[in-house]
Amino acid sequence: MKLQIVPIQIDTVAPGKPSPFDLFDQGGYLLLEKGQAVTAQVFDLAHKRKLYSVSYEWSELTGPKRLVGFKDSQLGESPLRHIRYDSNLIRIDYLKQALPILVSSLQELEKCHGFPGFSWLDNHDRHTYIHSLNVALLATIIGIYMGYGIKELAYLASGAVLHDWGKLLVPREILNKPSALSPEEFQLIKSHPVRGELVLRDEGWPDEVLRVIREHHERWGGQGYPNGLRESEIHPNAQIVAVADVFDALTEDRPYKVGLAPYHALEMILNGSGSSYAPEVVRALRSCVLLYPEHSTVTLSSGETGVVIALDPVLPTRPVVRIMADRQGRPVRGEKIMDLRENRTLAVSAITFDSNRRSHPGFTSGI
Ligand SMILES: [Fe+2]
């Protein structure tokens, strides 16, 4: 792996213009992502030669950054181009398996008698449409981890992509209302699992799909809706979609909220394992999502702080870290790489900056 830490040349950045690099301060903290507008404070650091870029080859450990196995030209008009998860967050080996399954499931759905097409959902509420695609990818990946066969995965993907179909029957003004909902509006939204199932039941969809639509808001401990089902009473596919649905909802940005860091969302779901969510499904999600995305700043059990520069999909909890500060917080001069795959006496004790979020001032959470 080639790695270089270099001070930024003052003429490569300009205030208000998009940065051509990810920019770090001398402590190794990511200040600005590539493409974000350079602020006056950041520009001042560049002026003082206290601003750095980290360049390294994305080695064979991490692979391409976007949807694996599909060139942009192949994605064309496919709904998959909207999916926001990539190999920065999801283990690449699972992405590679899940995407072809999802592509063929979507194609089969489009051909089904009585299916009006995704454009209906897209035109009614773009947010629900894109959310449904994200959930379908996550659910398929969880299904792969849990050992589902191809036919079971096709049903799971179909149920996941249709899980919120009942929202077609809820006015979009209510779906996207930024202020508090009235009790009547809340009840209307809560009716979408039952309404969606009724609409599609008339079209003869299989039970594996219909039960996901009806049961994806049921909860493991019986506190969900519409029927208060618990544990194994909930269809296994609905148990999976419930977790994928919550993870996507927690991490997405909405007009009225900034999404949680994926790490933080995962932590919340882990806390709900066995009470809100099926433990086996939570374990699967935990294994498929990368805990330490590239560019995350982590603190090691040694007290040193560094930036994650590579991840091995086979050992997702053992990142390769470029140490930026020692245990006293003093910047480390020169290159110091800590490969946690080899150094098993060290562990990540906290993540202090998650690269999947633009900013998390002060966010620290122990593993
Ligand atoms: Fe829903």
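Here are a few questions and answers about this predicted model.

Q: What makes the arrangement around the iron ion irregular?
A: The angles subtended by the four donor atoms run from 85 to 173°.

Q: How do you know which residues are the protein donors of the iron ion?
A: The cut-off for a donor here is an N, O or S atom within 2.8 Å of the metal. Asp164 (OD), His192 (NE2), His216 (NE2) and His217 (NE2) lie 2.1 to 2.3 Å from the iron, so they qualify. Along the sequence, their spacing reads D-x27-H-x23-H-H. Asp164 sits in the loop between α6 and α7, and His216 in the loop between α10 and α11, so this pair, 52 residues apart, links distant parts of the chain. Asp164 and His216 are both buried.

Q: Why are β5 and β6 said to pair?
A: Pairing takes at least two bridges. These strands have three, in the antiparallel sense, so they count as paired.

Q: What makes both faces of strand β5 covered?
A: Thr297 and Thr299 are buried on one side, and Val298 and Leu300 are buried on the other. Buried here means under 20% relative accessible area. Across the protein, 52% of the 367 residues are buried.

Technical notes: Residues numbered from 1 in each chain as written. Predicted model: local features only at pLDDT ≥ 70, side-chain atom pairs only at ≥ 80, totals over all residues. Heavy atoms only, no water. Buried < 20%, exposed > 50% of the residue type's maximum accessible area, 1.4 Å probe, protein only. Helix = DSSP H or I, 4+ residues; strand = E, 2+ residues; numbered from the N terminus. Donors = N, O, S within 2.8 Å, 3.2 Å for Na, K, Ca; no water. Tetrahedral: all angles 85-135°; square planar, octahedral: opposite > 155°, others 65-115°.
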